[in-house]
Amino acid sequence: MKKTTLLLTAISSLFALAGCSNHQVKHTEFKKSEALRYLYEVTYNDYDWKDVTDWMESSEKNNDSQGFGCSSVHYGNFYGRSFDFVYTDMNEFLVRTNHENGHFASIGMAIANCKMTDERVKAINDGKDPLNEKLLPFSMVDGINENGVVCNTNVVPAHDLKAHEGEHEYFTHGTNLGKKDLFYQFMPRFILDNAKSAKHAVDLLLDRNITAMNSKGEKRDYLGVSKMGYELHCMIADKNDTYIVELVNDHLSVIAGDVMTNFYLSAMTKGGAGFERYQILFQDYQNVKSVDDMKTLIQKVQYSPCYRSDLEGQNMPVWPTEFAGVKVDDVFGPLTFYNADVWSREHWDEIKGPLQNAYLTTQSEEGRVSCDTEGSIPWISTHAETYDIENRTLHLCTQEDYDKWTEFKL
């Protein structure tokens, strides 16, 4: 009897270490999009939050990504976002979920990791990658649910916040100790599953202990942003309201705002990027009256123009602070937001060649880089969307193909 008990215990431990519960997810086949590059579509009929708990407590990792940029904006019925990432062969996923087990139906975009090639997707279809198969619906980076609640996450430089005692850099221990835990990278899934309105979503988050760690005090990282010293902030909207929630010093900060890029809006930090993109969106977003208007606005913050040098005839990048925190070259070293603008102007003659070559590479569709490339250059907008809240649709383009917008309906 003791041997049987020990065997069952060992089997149970093995499942936990593999990041998998006994629950079997139900979904359709991952199908390659015929319209858009590097996109797969899948519908999940059922999934289990216990898989998240098992992964949190396991040693399984999936952090092949290295952070992402992004811009997001909301005005009235229209919500736009651009997801910026390394120019690589990473596939992304259009994920639909059905109204099952008390979860609202939703549609949106998810990522697994930056090495998600066609071969890796085939492994999921063949049942050989249970971790990504089970956790993919939880790794949404934006989406809309059947109630017209839209949300997305962008990175912010948590490494600029004060670290906890005995730790080298800041990460969120918990915003509401004693409440049920919610891993911060899975906030969009939680919101899409449960929120009846944007305000309701905020109330739900305030009633959770949002954390970046498991019960053993270990920092966890599914999307690969924590290892770079980043966390995420989240924009939540419906037709009437917009909220931005940020995790600052173990406090959930809720602020009003219709534009969000890659710096804290509720705390002063020296890092971050997206200041130029924020300005572009802020000055124009109240002129958005249609889906096409939002498409045009989002196209203004596609990433590759930051490599240009022709702004009003001046020899400078269009968005110099995009190089904040980026190790452009070993000679120059890491930058901060405060010195990025000055540095990029002073060294433009030295860096314009590599930057322009990187930009030209993206245009020629040759030489896609590994996601492990130091410095993350070149970057492009790997997907951009406009959400029509009233009609519960998203209009999507990938790889900066702005002449190939495709509509998807919930």
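Biologist: Let's start with the pockets. What is the volume of the second largest pocket?

Modeller: The general idea first: rolling a probe the size of a water molecule over the atoms shows where empty space is left. In this predicted model, the second largest pocket has a volume of about 390 Å³.

Biologist: Which residues lie nearest its centre?

Modeller: Look for Trp49, Thr53, Lys180, Asp181 and Leu182, out of 18 residues in the lining. Helix α2 supplies the largest share, with five residues.

Biologist: Let me follow α5, then. Is Leu192 in that helix buried or exposed?

Modeller: Leu192 has its place in helix α5. It counts as buried because its relative accessibility is 0%, and the cut-off for buried is under 20%.

Biologist: What does Leu192 touch?

Modeller: Leaving out residues up to four places away in sequence, Leu192 touches Phe104, Ser106, Met140, Gly143, Ile144, Asn145, Val149 and Cys151. Take Gly143 as an example of how sequence and space can be read side by side. Leu192 and Gly143 are 49 residues apart in sequence, and their C-alpha atoms are 7.2 Å apart in space.

Biologist: How much of the chain's contact pattern joins residues at least 24 apart?

Modeller: Counting contacts between residues at least 6 apart in sequence, 68% join residues at least 24 apart.

Biologist: How should I read a strand, and which strands pair with β8?

Modeller: In a regular strand the side chains alternate between the two faces of the sheet. Here, β8 pairs with strand β7 (residues 106–110) in the antiparallel sense, over five bridges. In that pairing, Ile107 stands opposite Ile144. Strand β8 also pairs with β9, again in the antiparallel sense, over three bridges. There, Asp142 has Asn152 in β9 as its bridge partner.

Biologist: Now the nonpolar cores. Which residues touch the most other members of the largest one?

Modeller: That core has 108 residues, and the ones to look for are Phe30, Phe68, Phe93, Ile191, Leu205 and Ile236. Another core, of seven residues, lies apart from it, with Leu161, Tyr170, Val248 and Ala267 among them.

Biologist: What surrounds Phe30?

Modeller: Not counting residues up to four places away in sequence, Phe30 touches Tyr40, Glu41, Val42, Tyr44, Phe93, Val121, Ile124, Asn125 and Leu136.

Biologist: Let's step back to the whole chain. How many helices and strands are there?

Modeller: The chain has ten helices and 18 strands. Of its 410 residues, 58% count as buried. The chain exposes about 17100 Å², and carbon and sulfur atoms supply 49% of that area.

Terms used:
Residues numbered from 1 in each chain as written. Predicted model: local features only at pLDDT ≥ 70, side-chain atom pairs only at ≥ 80, totals over all residues. Heavy atoms only, no water. Helix = DSSP H or I, 4+ residues; strand = E, 2+ residues; numbered from the N terminus. Buried < 20%, exposed > 50% of the residue type's maximum accessible area, 1.4 Å probe, protein only. Contact = heavy atoms within 4.5 Å. Areas by Shrake-Rupley, 256 points an atom, 1.4 Å probe, with all protein chains shown as cover. Core = buried A, V, L, I, M, F, W, Y, C linked by side-chain atoms within 4.5 Å. Pairing = 2+ DSSP bridges. 1 Å grid on protein atoms, 1.4 Å probe; cavity = no way out; pocket = protein on both sides within 12 Å on 5 of 7 lines; lining within 4 Å. Points joined across faces, edges and corners; volume = space filled by probe spheres on them.
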